[in-house]
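Here is a short report for a reader who is new to this structure. Take a look at the model before reading on.

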Amino acid sequence: MSNFSRRDFLAASLAATGSTFSLSEWSFANREETAANPNLHLAPFRFDVSPPKGHSLCGGWIKPVVGYDDSLEAIGYVLLGAGKPIVVCAVDWTGLLNDAHIAWRKALADAAGTTIDRVAVQCVHQHNAPFACLNAEQIVLEQGDLPHIIELDFFNSCLEKAHKAVAAAIPKAEPVTHIAHSQSKVDKVASNRRIDRDKNGKIKRMRGSSCKDESLRSMTEGIIDPWLKTIAFYNKDKKLVSCHYYATHPMSYYGDGRVSSDFTGIARKQRQEEEPGCTHIYFTGCAGNVSAGKYNDGSHEMRKILARRIYDGMIASEKQLKPEPIGQISWKSHDILPPVRNTYQAAELKKRISNKANRVVNRNRPSYTLAWLERVEKKIPITLSSLQMNDIKTLHLPAESFIEYQLRAQNMQPDQFIATAAYGDGGPWYIPIAEEYPAGGYEVSVAFCDPKVDTIMTQGMKFLLS
């Protein structure tokens with residue numbers, strides 16, 4: 001490795017916001033802060049995070065940016081009055097991993113005047129979008145012939161925008177007096193990808209984000225969560241922010257170099273246009289093994305159709321909103337550090353990355369694996385978190401968690417309204433449940449964590465939801 005360390009690389013990215021990096025600032029294990037009858041204020045914010053022309057998309061192994069179908073945004077809110085400020089943000093990127101995710105949380109925390117354990121950043125996971133890992137970027141840069149994973153100047157510009165957007169939003173914060181929740185079923189979008197198995201339960205074929213194989217498309221939806229959930233914040237009868245949660249890979253088609261927030265972003269933007277006085281935010285749930293493949297043939301026409309189905313779910317859910325006064329409110333966080341699978345060895349990963357005979361995808365992807373392995377060696381944890389208001393609880397989980405985690409969370413607290421956002425810190429890539437490891441298949445083949453991640457995640461969720 002070069003003398004330019006990963007910590008130096010992160011420090012350089014944080015320099016744009018005037019931040020400094022300290023593990024002691026964000027490694028918190030378990031924390032909870034509760035406020036009764038709080039005097040709350042809400043400051044929504046948004047800013048553009050569309051990459052420039054020529055920038056890599058989805059880690060550098062698909063066509064880079066050649067044009068724009070629509071913009072990518074980071075949208076969130078700062079909640080004031082419940083102890084230190086709370087920041088929740090959704091980003092139209094494929095992922096934010098390891099030091100990149102920490103850098104975003106640190107920038108938002110600094111801008112809001114809070115600590116990093118009270119910041120949740122969740123990606124929506126569109127694929128014609130950046131897949132940001134500062135650690136992997138340094139690894140590929142040292143090779144000299146691989147495409148960027150994330151360009152540092154662009155990454156820094158997004159941190160600057162984040163700081164400015166939050167700093168500008170806070171003085172305009174409005175009182176929050178009421179909260180509401182609702183849900184509606186979405187028709188013909190989500191379907192399980194791991195549906196074709198042999199008699200022993202092993203995966204034979206995968207039904208991807210799009211699928212043209214009629215034999216796969218004719219199979220059952222499989223295990224999904226059909227509900228689109230909505231949580232809305234009000235100042236008396238004025239709706240300030242409406243957060244929508246649904247679990248599916250949000251891609252209709254991709255790989256053409258045209259940046260797009262895809263069908264979930266299009267649905268969100270339509271709601272935003274209809275209600276300019278309310279900030280609409282979309283979160284992708286635990287969709288590691290869920291996509292639109294049963295209902296999506298990958299044609300351009302299907303993007304609008306899928307967007308309409310998500311939009312219809314948003315409208316139906318919001319029609320049922322019944323605001324009630326906010327009573328007690330709390331924020332809880334919990335740190336985890338799942339172990340690396342013993343099938344991954346640093347020396348072998350480095351050989352694959354440096355082998356110029358390999359395709360780009362087979363050199364860039366192992367850089368993400370190596371980044372996770374080195375992170376675990378340094379014992380840098382992932383933070384899970386939850387915002388709880390009355391009988392409403394949000395749950396912020398990492399990476400491409402399987403849908404079973406979301407369903408499991410709801411079963412833990414069946415009398416509560418649980419809205420789950422995954423695709424937080426993407427360091428581990430896919431997070432299957434333990435039972436799925438023996439079944440193999442694509443998602444298991446690119447899961448960086450040992451099956452013990454299931455127990456570790458579940459224990460973390462229990463703490464947050466208890």
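Which residues are linked in a network of salt bridges? They are Arg193, Arg194, Arg197, Glu436 and Glu443. The model is a predicted one.

**The chain as a whole**

The protein chain has 12 helices and 25 strands. Its radius of gyration is 21 Å, close to the 23 Å that the globule rule gives for 466 residues, so the chain is as compact as a globular protein of that length. Along the principal axes, the C-alpha atoms fill a box of roughly 65 × 55 × 45 Å.

Buried residues make up 62% of the 466 residues. The chain exposes about 16700 Å². Carbon and sulfur atoms supply 50% of that area.

Among contacts with a separation of 6 or more, 80% are between residues 24 or more positions apart.

**Salt bridges**

The count comes to 26 salt bridges.

| Arginine 268 | Aspartate 92 | 3.2 Å |

Take arginine 268 and aspartate 92, which form a salt bridge. The pair links distant parts of the chain, 176 residues apart. Arginine 268 sits in helix H6 (residues 262-274). Aspartate 92 sits in the loop between strand E5 (86-91) and strand E6 (95-97). Are these two residues buried or exposed? Both arginine 268 and aspartate 92 are buried.

Arginine 197 lies in strand E12 (residues 196-197) and glutamate 436 in the loop between strand E25 (430-431) and helix H11 (442-445), so the pair ties together parts that are 239 residues apart in sequence. The two partners differ in cover. Arginine 197 has a relative accessible area of 30%, so it is partly exposed. Glutamate 436 has a relative accessible area of 11%, under the 20% cut-off, so it counts as buried.

Aspartate 213 is partly exposed, with a relative accessible area of 31%. Arginine 205 also counts as partly exposed, at 32% relative accessibility.

**A covered helix**

How many of the eight residues of helix H3 are buried? Seven are, and helix H3 (residues 134-141) is mostly covered. The buried residues of H3 are Leu134, Asn135, Ala136, Glu137, Gln138, Ile139 and Val140.

**A buried serine**

Serine 385 lies in strand E21 (residues 382-389). Its relative accessible area is 3%, so serine 385 is buried. What does serine 385 touch, not counting residues up to four places away in sequence? Its contacts are Ala120, Trp331, Lys332, Ser333, Thr394, Leu395, His396 and Leu464.

Terms used. Residues numbered from 1 in each chain as written. Predicted model: local features only at pLDDT ≥ 70, side-chain atom pairs only at ≥ 80, totals over all residues. Heavy atoms only, no water. Helix = DSSP H or I, 4+ residues; strand = E, 2+ residues; numbered from the N terminus. Rg over C-alpha atoms; globule rule 2.2 N^0.38 Å. Buried < 20%, exposed > 50% of the residue type's maximum accessible area, 1.4 Å probe, protein only. Contact = heavy atoms within 4.5 Å. Areas by Shrake-Rupley, 256 points an atom, 1.4 Å probe, with all protein chains shown as cover. Salt bridge = Lys/Arg side-chain N within 4 Å of Asp/Glu carboxyl O.
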